[in-house]
Structures are given as structure tokens and as C-alpha cells.
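Please keep the sequence and the model in view while reading.

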2 protein chains.
Amino acid sequence: MNNRLPIADLAHCQGQTVTISGWLHNFRRLKKVSFLILRDVTGLAQVVLTDEALVETIAPLNRESVLQITAEVAAVEQAPNGIELHNPTIEILSEATEIPPFDMFRPTLEAQLPTILDKAVLSLRHPQHKARWQIAAAAMQGFRETLRNQAFTEIQTPKIVSTATESGANVFEIDYFGQSAYLAQSPQFYKQMMVGVFERVFEVGPVFRAEPHTTTRHLSQYTSLDAEMGFINNHYDVMKVLTEVIRGMMTTVQTHAQQAITELDCEIPQVPATIPAIHFTEAQELYFQETGNDERNEPDLSPEQERWLGAWAQSEHNSDFLFVTGYPMKKRPFYTHRDPSRPDYSNSFDLLFRGVELVTGGQRLHQHADYLTACKQWKVDVESISGYLAAFAHGMPPHGGFAIGLERFVAQLTGTANVRLTTLFPRDTKRLIP
Amino acid sequence: MNNRLPIADLAHCQGQTVTISGWLHNFRRLKKVSFLILRDVTGLAQVVLTDEALVETIAPLNRESVLQITAEVAAVEQAPNGIELHNPTIEILSEATEIPPFDMFRPTLEAQLPTILDKAVLSLRHPQHKARWQIAAAAMQGFRETLRNQAFTEIQTPKIVSTATESGANVFEIDYFGQSAYLAQSPQFYKQMMVGVFERVFEVGPVFRAEPHTTTRHLSQYTSLDAEMGFINNHYDVMKVLTEVIRGMMTTVQTHAQQAITELDCEIPQVPATIPAIHFTEAQELYFQETGNDERNEPDLSPEQERWLGAWAQSEHNSDFLFVTGYPMKKRPFYTHRDPSRPDYSNSFDLLFRGVELVTGGQRLHQHADYLTACKQWKVDVESISGYLAAFAHGMPPHGGFAIGLERFVAQLTGTANVRLTTLFPRDTKRLIP
């Protein structure tokens, strides 16, 4: 298979005899001529069969059988992409033994979500479904490359931990050589600890949430894009790096997943040089002034407020993105750094993308004494996190970071309603296979 | 901290007043002058203190306190790197509250392994310990970039699975919403399934082995660098890609972790254009002919044989690397593809690096019927892996792949005896923290 030509390159090979291989996407048998559509990862090719014996061999094959086809490339105006393959010889590499439960050749898969997910090995082969993950892959690449260019070091941290990271709830328990352990809900503690070593770190990896609800936005395992950096003044330094990261992700998606963008017909947003930022209290006040709905005493923004703020950022700043800064301390985790000038509020932020929260981040505490105080206040057992606190006992710089959920990022970018469709093999309360 | 200068850049700033920040690596108080060594991720800087009041402020600080120093850069021949900082003003960013249990400033950490691992947040700050992971980070980058350049798509697969991947032993059990599930021992099944979607895939992620033994080569969680590719003729196509991957990893380590290589004084090997390959049976025969030890009836190579073969590849082929191909079927997993011409042997390979196995790979079965036969023979319950088998029922091309253990790769490259030192926070039978 050394001379195998990607289907996307056929257009450059008119008049030549070439060999392509891939999956039997569709087959239409007419009276005098039959059309075979072959699919590889780069595209679709139409092959014309006129030889009756060959048609008799191919016609009984199940869709998705794997074929290798040697044929002549002909320019034919009315064919898809203006290219057709003539006079084929066909080798069957692998026969599909089952009939697909849905038509792979339709522009959109017409099947119920459970069927699509049960048959992920098949549904993900559909160009539209494959495209979502191609965007995810490009996004990961953009995330890493942007951070590496800014002197961040990639880390891999333990997924088996002795204590729940974020809270005792929603954590999976595991039997670890006879003792209880847990699956990490985030690399938060470890990425902070590693700021003491590499100053700037990032991690792309699985995190686990035993989320008991079934929603379109939650998965039991998702891919978290985490970054953490030292020697900052405050959260605004983190927001600057995040802005570059989002820009890098969008650029990489644009350049490396162009086919997927076209397939999904989605619009890649412009990232402003400076993303507009509004303080939490101003956001609440603005929303009240403009809508008359008073949510100024709420400790968090409602989804409706976020949507409204997204529209406001669009009309006021021509931006798909909006930073909301300074969330109240009481809704943030114990390691959150207070705003020194307004201690009820934090040096934290959310990044809204088209009116939905996409990223959470902020400055963390860095003084050991501040951790002891916070643990007392938040009722966190210091003994249970002594390994983490040791980092601060041994000197840590002011630092902060952020985390992006890959599946949500792709869902929002592509307008996909359910994050189960922006991962490969979703895990939820009911789903453990495939 | 926007004008913070990396310590490595001091050499270019002679005569200027600059601001650096980092950790108090060492402090030596002499009669008339004191020397402060500041460490950041890029290197060490010597700061000269003559002001008595300043010395009184700094002298009581614990090592590893975080400082910001503004001072004049002076070229001083006898100083480390020929650079000294004079007339400093020092701001204490964060005071270390604990005294390090070992001397961070010695060229090598003088402490027992358990102490080093217990205090990973501190020991990893030591230049030599940090260096190992810097090589790991560069290796991951080289792995990904080489594969992306060869049209591989990055995937992220489930770490919570319904059945043990490789075998029923050595698997961690988890309580998944009241039912039993397991931590994935490898992404093997998923990367194969994804060949049906993206043709060529790779994954960098954690895998979990409930390895009951305590050895210097096993971890309960390690980072697996996995690749799988479709439309191959046989395992030799996989070996070609692997050769490029190893070359890419070595090149990236060389270019992106130069400081770490120097720190560890390790030699990055040349990867030959074609890595020499020897069939398993020939390797056994050669070993017997040359040493007189008869292990020709063994189903696997012994560590002693691997060492001998490594030396042989070095002297005979001037290569640090050697492929051993065609291992007996009986020692390989059920999805292994037989050698069509010698059915007792497989289309598989190991890559030896300096006489130790570094990579395992090979061609897999791709016909659905062959899986059914293999499952019967290997006594694998087809029902328990129905999600995996569905991929083959729906048509899969000939394919194969390989997996590299990141920690072992770094250990062998750097001559580190224990893989616990080539990961950040090792997990073993006894170690769950930090």
C-alpha cells in the first residue's frame, strides 16, 4: 500500500492510473453502469463500474467494507468534485460482516442519539461526526503550541489521588491495593505545586466527575486543558496569556481543521487584541439597568445573565468574548486569591464565549499562612492536603491559571447541543460502553 | 513583574540594572560580603550583598523563599557564568516557612529515595531532578509533532472501561455509579477502533496497572505514548514510522532540552536511517552460537539476551537500537497478527534501546472472523468486548501500532535506575501521596 493516494489528491492526477483505498461509502447499481463511492479520511471518490462481473462481485458487499481500487482518474464535470475513476480493478481488503444500522452516505446521520453513541465506531466515521473531533484535535494542538511558545512546560500528573481535589462530592472511588483512593477531579493542586518547579506549566488530560445528573453539558470523563503560571501581578496577567491561548486555538483550528469547519459550517470567531472585561458587580448592575431584572444580590451569574452579557459584548464591543472578573469569594474554591482592595470579591475571572462560560481561572493564594486561614474558613482538613500545602511551606510565587473543558469548547464552537457528540466515547451515569 | 528577566539572559545585560525573581537557592554570609544564589527555571544567579541591614533581613530567611531582586549586572571573571549582581534591592515575595530537609544547592540531592519522593514538591526543584522531566516534556512534543507531520490525528480515549483491556489481572476496580468498572490498562482497543475513523491516530495519556510488585521499572500509573495506523502491508510499515518517531523524539530532546541534557550529562543517540532488525529465531540462534547458552526453546528473550543483543547491535551495526521481529504467537495478545508464512510466529516487534526493551508493537488482526477465532483460542469472552469487535464487523483495514512508556524512555535515555525519578508524582503499591 505504499503507493496509496489520498482521495483529496485525486484532482492533481487527471489522466493517471492511481491506487486509492478506503471504505465502501455507498454503491448505486443502475442498468448499464454502477457508481461506487469510496471514503478515506481525506474525502470521497466516485468510481464508475461498467464491467458486469465486477459489479456482481461488489454489489453484495456490505457498506463499510474496505477496498483498494486501482483506476484511471478522469475529469467529469457533473461528477462530485469534477473527478471520476474509470476502469477500476478492485481488491477487497476486508469485508464488513454487518450492515450499518444507519445510512452513512447521508449528509447528516439520521438516527437517535443512543444509537449514534452505541455505534460510535461507526457513527464517528461519518464526515460530520468525525469533523467535531478533528476540531478538538486541532484545538489541543493550538493550546499546547501557544503555551510552549510562552515558556510553559507540559506536565502529566496523577489521576489516582488520596483525597478529593475540589470537593468531597462527585468523586469516583477506587480500590487501590486494598485502600480507598479517588480519581482526580482536576489537576489543580498538582499544577500549582509544579509552578514551584517549572514556573509555567500546562496539562492536557482526562479529569473525572461522578456527576449524578444527566445533562447535555456534563460528562463523567472529559479532557481538561489546564495552565498555571507563576510570578504574576494578579489575574489580569493570566487573562493576557489566556487571550493568546484562545487566539492560538482558533488559529490552529482554522488552519488545521479547515475541512471540518466547512463540513460543520461553523464560524471561527475573531479574538480581539484585548478581550473586553467587566467586573462582576458592574455586570450585575448593567444587567439590572438595562433589563429591569434585579439579580444584584446573587453570588453568581445566571445563564440568562451570561447570555445577555454575551449579546452586550457583541453589540457594544463587537466581541464574541467577554471576561467577567472579580466573582464573590463565597462562590470560589478555598485557594482563590482575594481582591486586596475588595476582600469580598476575588482575583478571578470567567471567560464567556457567545454568552456561555468557557473558561474559569484566577489568581491563587501563595502564602502558606493564607492557606491555613482559608482551610479553617472553608473547613478543609489540612492533614488531608499536606502534600499540596508543603509546596507553599517551601516558598511559592504569586501565581494563577485557568482550565478549559475541551468538549464544551468544541460544542460551543460548532454549535453542537450535546457534549456527548464532541468526545469520542462519552461516559455518563448510564454509559460505560463502548 | 512585567519586566522580569530570565536569569539565563543576564549575560546579555552587562552594565544594566535588571529585575530577576526566583527562589533563594543558597546564602553564604562572610565577614564583609554575603553571596545570595537565586534560582529561576532558566538558571542560577549570584547576587553580592554588602549592605549590613539588607544582610540582616535576608540571612534569617529559609532557603526556597521567593525573592524579587533589582540589581546591576556586572561581569566578574571568577563568578559562576562570569556574571554577578551588585547593589541589590530585594523584595520578599513569599517566605518559606519550612527548612528544606536536604541541601538544594548541592550538585546532587543527598537524600534517600523515599525522602526525595515524599518531598517531590521540593526535590523536583533541584536542577538535576527537574531536568529529567524537561526531557520527558520534550520527548512528548517530539512524539506528537512527528506523528502529526505524518497525518496522525490525536485522540483522547476513555480511562474508565467496562472490561480489562489486556488481561483480567493487574487492573484497578472502580465504583462507577454503583456498578463495577476498571481503569484502562492501555488505549489499545480504542486506538484500533479509531483507525476506522482517522486511519492514523495517536494518544499521549495515563494508563493504569495494578502491578502488585515493587520494582524499579513499574509504576501504577504511567504515561503511554500510543500510535496506531491503517492500510499497512505488515509490521515493517509500523517499524518505519516508529523509526521516524524515535528520531523525532531524540531531535526534540536535543533542541528543546539542551540544558537538561547538560545537567544530566547524558548522551542522545544517533538514530540510524534504518534501524537493524533481526528475527526472534535468528536472535536466539545467534545468541546460542556466540555465547553457548541455549535459550532457543524459550518463548521470549531474557533480559540477559536483550543486553547481549544490544551490545551486538552496537558492535555489528554501530546502532543503539535493534528491532527484534516475529515473536512467538503464544506470548503475544489475542489481537496479534500471525506471520502468514510462519503461523507460530507473529507480525510483531520489540525495539531494544541499549539492550533494554523500549517499545512493543506489531500488526493486529483486522478481519472480524479472525477475531472470533482468536477469542475462542485465547478464551476471551466476545460478549465482554462487543464494542471493540463491532469495529471489525463494520470493516477495518490492515493496521498496526506501537506503545512507548514515557518514564522508561526517559530512564533509559538519562541512565536513571528507577522510573520513580522520571515521573513527577509516582504511584506504586505503597505510594499514593503526594
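The numbered points below go from the conventions to the chain, its sheets, the core and the contact between the copies.

1. Conventions. The model is predicted: local features need pLDDT of at least 70, side-chain atom pairs count only at pLDDT 80 or more, and totals for chains, interfaces and linings use all residues. Residues are numbered from 1 along each chain as its sequence is written, while chains are lettered from A and ligands numbered from 1 in the order in which they are written.

2. Chain A as a whole. Chain A holds twelve helices and 18 strands; helices (H or I, at least four residues) and strands (E, at least two) are DSSP runs, numbered from the N terminus. Along the principal axes, its C-alpha atoms fill a box of roughly 85 × 60 × 40 Å. Of the 434 residues in chain A, 50% are buried. A residue is buried if 20 or more other C-beta atoms lie within 10 Å of its own, exposed if 12 or fewer, and partly exposed in between, with C-beta atoms placed from the backbone. Among the contacts in chain A with a separation of 6 or more, 64% join residues 24 or more positions apart; a contact requires C-beta atoms, placed from the backbone, within 7 Å.

3. Strand 1 (residues 17-29) and strand 2 (residues 34-40) of chain A run antiparallel and are joined by six bridges; two strands pair if DSSP finds at least two bridges between them. Leu24(A) has Leu38(A) as its bridge partner in strand 2. The two strands form a hairpin with four residues between them. Strand 2 of chain A also pairs with strand 3 (residues 43-49) of chain A, again in the antiparallel sense, over seven bridges. Here Ser34(A) stands opposite Leu49(A), and the hairpin joining strand 2 to strand 3 passes through two residues.

4. The eight-stranded sheet of chain A. Which order do the strands of this open sheet follow? The order is 6-10-11-18-17-16-13-12, with mixed pairing. Strand 6 (153-154) and strand 12 (277-279) of chain A stand at the edges with a single partner strand each, so one side of each has no neighbour in the sheet. Within the sheet, strand 16 (residues 348-353) and strand 17 (residues 356-364) of chain A pair in the antiparallel sense over six bridges, and Asp350(A) has Thr360(A) as its bridge partner. Helix 8 (residues 280-291) of chain A lies across strand 12 and strand 13 (321-325), running at about 85 degrees to strand 12; axes are lines fitted to C-alpha atoms, for helices over the stretch in contact, and angles run from 0 to 180 degrees between N-to-C directions.

5. The sheet of chain B. In chain B, strand 6 pairs in parallel with strand 10 (residues 200-208) through two bridges, and the bridge partner of Glu154(B) is Phe202(B). Helix 4 (residues 127-148) of chain B lies across strand 6, strand 10 and strand 11 (221-230), at about 155 degrees to strand 10.

6. Helix 5. In chain B, eleven of the eleven residues of helix 5 (residues 188-198) are buried. Just after this helix, Glu199(B) takes a positive phi of about 70 degrees. In chain A, helix 5 includes Met193(A), which counts as buried because 29 C-beta neighbours lie inside 10 Å. Leaving aside neighbours within four places in sequence, Met193(A) is in contact with Tyr388(A), Ala391(A) and Val121(B).

7. The core. The largest nonpolar core has 241 residues, of which Ala139(A) and Ala139(B) touch the most other members. Such a core is a set of buried Ala, Val, Leu, Ile, Met, Phe, Trp, Tyr and Cys residues joined through C-beta atoms within 7 Å. Not counting residues up to four places away in sequence, Ala139(A) touches Met249(A), Thr252(A), Val253(A), Leu406(A), Phe409(A) and Val410(A).

8. The contact between the chains. Chain A and chain B contribute 75 residues each. Helix 5 of chain A gives the most to its side, with six residues. Because 100% of the interface residues of chain A are also interface residues in chain B, the copies meet through the same surface.

9. Symmetry. A rotation of 180 degrees with 0.0 Å of shift along its axis superposes chain A on chain B (RMSD 0.0 Å), by least squares on the C-alpha atoms of residues with pLDDT of at least 70 in both. That is the relation of a two-fold axis. In chain A, the C-alpha nearest the axis belongs to Ile174(A), 2.2 Å from it.

How values were computed: Contact = placed C-beta atoms within 7 Å.
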